[in-house]
Amino acid sequence: MLLKYNEYSLFFPKDDITMPAVLTLASTAVLLVCGLLGSWLSVKESTFLQGLFVFLLVVVFCLQSSASALAYYHSGKLDSEMTFLAEVFHNYTGSSLLRCCGITGYRDWRETLWFNQTGGHFVPHSCCNSSFQFCNGSIDNPWYLYSQ
């Protein structure tokens, strides 16, 4: 989830993607406490501590289940929304100026009809790095283009 989020972070709110990671880290902390409590239980025989141990294990199970469900849900949501963006991108005709350079980079343009109609050598001017004023969108000079 976090790897996907880093790639598409501009399109989605941070809270939706990072919640599974936060829950996983919280369950890791509780699991660490459970491990320490379990080690201590081997020395002390206390029914209260045994009950606390089982309760904490149930909490870890609930946190991990929630994190897994949220990660699965948001991963599917992310994939479906990126599919929609890819459709818009691949149906680009050149009639309007996009203010981006593909979904993952300028190489995405190689698979579009618009790219083939330009002779297969140019990407839109929105891909040009603003540091290079003489950039014309040619893929012959990829260092003039935004890499993402």
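A: Helices (H or I, at least four residues) and strands (E, at least two) are DSSP runs, numbered from the N terminus. This is a predicted model, in which local features need pLDDT of at least 70, side-chain atom pairs count only at pLDDT 80 or more, and totals for chains, interfaces and linings use all residues. Residues are numbered from 1 along each chain as its sequence is written, and side-chain values use heavy atoms, with hydrogens and water left out.

S27 is found in helix α2, and L25 belongs to helix α2 (residues 14–41) as well. Buried means under 20% relative accessible area, exposed over 50%, and partly exposed in between (1.4 Å probe, protein chains only). S27 is buried, because its relative accessible area is 1%. L25 has a relative accessible area of 62%, so L25 is exposed.

Contact means heavy atoms within 4.5 Å. Leaving aside neighbours within four places in sequence, S27 is in contact with V60, L63 and Q64.

Residues 21–42 are 95% helix and 0% strand, with end C-alpha atoms 32 Å apart. Residues 48–73 are 100% helix and 0% strand, and their end C-alpha atoms lie 37 Å apart.
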